[in-house]
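Let's take a walk through this fold together, one region at a time. Have the viewer open and follow along as we go.

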Amino acid sequence: MSVCLLSRRMDTYISTADPSVLFCLGVTAAFGIITFYKVKKNQVEKKRIFARDLLVLLLLEILCFVTLKSYVGLILFSMACLICYIYLPVQTMLPVDNKAVLITGSDSGIGHALAKYFDSLGFVVFASVLNKKGPGAEELKRSCSQRLCILQLDITSSSQIKEAYLNISEMVQNTGLWGVVNNAGILGFTADGELLPMSVYKQCMDVNFFGHVEVTKMFLPLLRKSKGRLINISSMAGGIPMPRFAAYGASKAALSMFSGVMRQELAKWGIKVAAVHPAGFRTYAIPWQAWSPLSSAHHHGCCCVLGAAVSRWCSRTANSSHQPFPLQLLVP
């Protein structure tokens with residue numbers, strides 16, 4: 001009974017209300033639909049500011065609806081909606097359009113999470129693994145789409161790098177690669193630099209530096225075709241001296257310097273280069289290290305944040321400048 005009475009009162013109010021009120025409601029509906037479409041299509045930045053602006057806009061609508069009830073209020077509210085739409089804090093993303101991305105070291109850790117994330121965005125992902133029959137590769141086959149292709153690739157093996165290049169070239173043909181993510185890496189032993197055997201230094205340099213350099217040199221022709229992105233996963237240890245990380249830090253420092261030089265040299269080809277310096281992540285870079293389900297879930301969440309940041313940088317508009325990867329994007 002009360003519902004019917006309320007409905008009658010609303011019908012009576014609407015029928016006797018100023019037509020500008022109805023126009024105001026129509027503007028609200030149109031603005032909501034257009035804003036939802038733009039937000040869904042693009043990446044929203046500064047979400048708190050965006051939510052605050054919408055709240056202010058809602059309060060303004062109530063003010064116009066209750067106090068003004070005239071075409072002045074309608075014009076004021078329409079202008080506010082237009083200004084809010086123009087300055088909507090979204091980052092325009094390039095369409096995926098089946099762009100292809102190569103990610104090394106996808107067996108576990110950051111590379112594994114990146115492969116899943118890029119696949120969910122619609123990219124054609126070439127996920128290279130050290131063991132094609134290992135649990136990481138099987139998990140990718142089970143959880144990802146048919147677009148994801150798993151490649152056997154030890155980045156210290158020139159023959160495997162060449163074979164991977166031929167396979168990918170045959171599949172992408174003239175389209176090229178939109179991105180190469182040099183993620184594979186090892187930590188090795190952690191001890192005082194004096195005590196570390198030379199084999200550890202050589203192993204870290206082979207995997208964390210020379211392997212990435214060879215992969216980069218091999219796949220640059222495919223990056224040139226699409227004016228793509230080269231992303232090297234370095235480390236904070238490559239810029240901040242830390243005890244017991246002499247071998248690892250030196251290899252990552254070399255990778256960071258290599259990235260800076262390549263950023264300048266490849267700019268004329270339209271290729272953007274980024275060096276990502278993550279902090280500590282619990283991954284299988286330490287082969288004997290295991291973790292509990294809780295810490296594994298925490299690691300996956302951190303990797304998703306990193307993956308989202310990398311994908312946003314990869315999908316930026318073509319007129320963005322050749323600057324290092326913005327580390328503030330890694331903040332959730």
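Is Gln173 buried or exposed? Keep in mind as you look that this is a predicted model. Gln173 is exposed, with a relative accessible area of 53%. You will find Gln173 in the loop between helix 7 and strand 6 (179-182). Its backbone is worth a look too: Gln173 is not a glycine, yet its phi is positive, at about 50 degrees. As background, most residues other than glycine have a negative phi.

A second residue with a positive phi is Arg244, which is likewise not a glycine and has a phi near 70 degrees. Look for Arg244 in the loop between strand 7 (229-233) and helix 9. With a relative accessibility of 52%, Arg244 counts as exposed.

For a contrast, turn to strand 6, where Asn182 is found. Asn182 is buried, its relative accessible area being 0%. Which residues surround it? Setting aside neighbours within four places in sequence, Asn182 is in contact with Thr104, His212, Val215, Thr216, Leu230, Ile231, Asn232 and Ile233.

Now for the strands. Strand 4 (residues 124-129) and strand 5 (residues 149-152) run parallel and are joined by four bridges. To get your bearings in this pairing, pick out Val129, which stands opposite Gln152 in strand 5. Between the two strands, follow the chain through helix 6 (residues 135-143): strand 4, helix 6 and strand 5 together make a β-α-β unit, and it is right-handed.

In soluble globular proteins, nonpolar side chains tend to be buried together. Here the largest nonpolar core has 32 residues, and those with the most contacts inside it are Leu102, Phe126, Ile168, Leu177, Val180 and Phe219. Two or more residues each come from strand 3 (100-103), strand 4, strand 5, helix 7 (158-172), helix 8 and helix 9. Helix 8 gives the most, with eight residues.

Next, the aromatic rings. How many aromatic pairs are there? With ring centres required to lie within 6.5 Å, the count comes to five. One of them is formed by Phe209 and Phe258, an edge-to-face pair with 6.2 Å from centre to centre and 85 degrees between the planes. This pair links distant parts of the chain, as Phe209 is in helix 8 (residues 198-226) and Phe258 is in helix 9 (residues 246-265), 49 residues apart. Both Phe209 and Phe258 are buried.

Our last stop is where charged side chains meet rings. Lys99 lies over the face of Trp178, at 5.0 Å from the ring centre. Arg224 lies over the face of Trp269, in this case at 4.4 Å from the ring centre.

Terms used
Residues numbered from 1 in each chain as written. Predicted model: local features only at pLDDT ≥ 70, side-chain atom pairs only at ≥ 80, totals over all residues. Heavy atoms only, no water. Pairing = 2+ DSSP bridges. Right-handed = clockwise from strand over helix to strand, strands pointing away. Phe/Tyr/Trp six-rings, centres within 6.5 Å; stacked < 30°, edge-to-face > 60°. Buried < 20%, exposed > 50% of the residue type's maximum accessible area, 1.4 Å probe, protein only. Lys NZ or Arg CZ within 6 Å of the ring centre and 35° of its normal. Core = buried A, V, L, I, M, F, W, Y, C linked by side-chain atoms within 4.5 Å. Contact = heavy atoms within 4.5 Å.
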